[in-house]
Amino acid sequence: LHWLGMFSDRPVGHDKVAPLDLLGDVMLEKLSYNDGERDMVVLFHEFKAWFEAEGRYERLTSSLVDFGIPHGDSSMARTVSLPAAIAARLVLEGKIPQRGVLRPVLPEIYNPILDELEELDIVCKDETEVI
């Protein structure tokens, strides 16, 4: 917080400002990317599942590491916008017949999206381990 300047007495340039907005302004000064720098997105999900019929546990993990493109799109922009754009296109093409607000929990929805993301070098690696 000291490095960010949160304890400074310098004027903030606002007569009235919400604390969250002020924090954003201060962080923007110190945490902006330099020209050509890139961001990184790391996702890791871990589940432990009990399969009653087999009498065993499994540890399921899914991980993704993605980097932004220097002088191009950030990884955050790519990993948020591309799945939504692909899904919208699939709906318009009639390849996702369901209507309404959908969660991507059905293979017929998420598999084509993951396949296309892989073509764009955005890859989720899934692993299963019997424990």
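Modeller: Happy to. Please keep in mind that this is a predicted model. The largest pocket is lined by 30 residues, and those nearest its centre are Pro 104, Tyr 110, Leu 114, Leu 117 and Cys 124. Its volume comes to about 940 Å³. Several elements contribute to the lining: the strands β1 (40–51), β2 (56–67) and β3 (125–130), together with the helices α2 (75–92) and α3 (107–119), each supply at least two residues. Sorted by class, the lining of the largest pocket holds 20 nonpolar residues, seven polar ones and three charged ones.

Take Val 65, which is found in strand β2. Val 65 has a relative accessible area of 48%, so it counts as partly exposed.

Now for the loops. Most residues other than glycine have a negative phi. His 71, in the loop between β2 and α2, has a positive phi of about 60° although it is not a glycine. With a relative accessibility of 64%, His 71 counts as exposed, because the cut-off is over 50%. Asp 121 sits in the loop between α3 and β3, and has a positive phi of about 65°, again without being a glycine. Asp 121 has a relative accessible area of 63%, so this residue is exposed.

Key: Residues numbered from 1 in each chain as written. Predicted model: local features only at pLDDT ≥ 70, side-chain atom pairs only at ≥ 80, totals over all residues. Heavy atoms only, no water. 1 Å grid on protein atoms, 1.4 Å probe; cavity = no way out; pocket = protein on both sides within 12 Å on 5 of 7 lines; lining within 4 Å. Points joined across faces, edges and corners; volume = space filled by probe spheres on them. Helix = DSSP H or I, 4+ residues; strand = E, 2+ residues; numbered from the N terminus. Nonpolar A, V, L, I, M, F, W, Y, C, P; charged D, E, K, R; others polar. Buried < 20%, exposed > 50% of the residue type's maximum accessible area, 1.4 Å probe, protein only.
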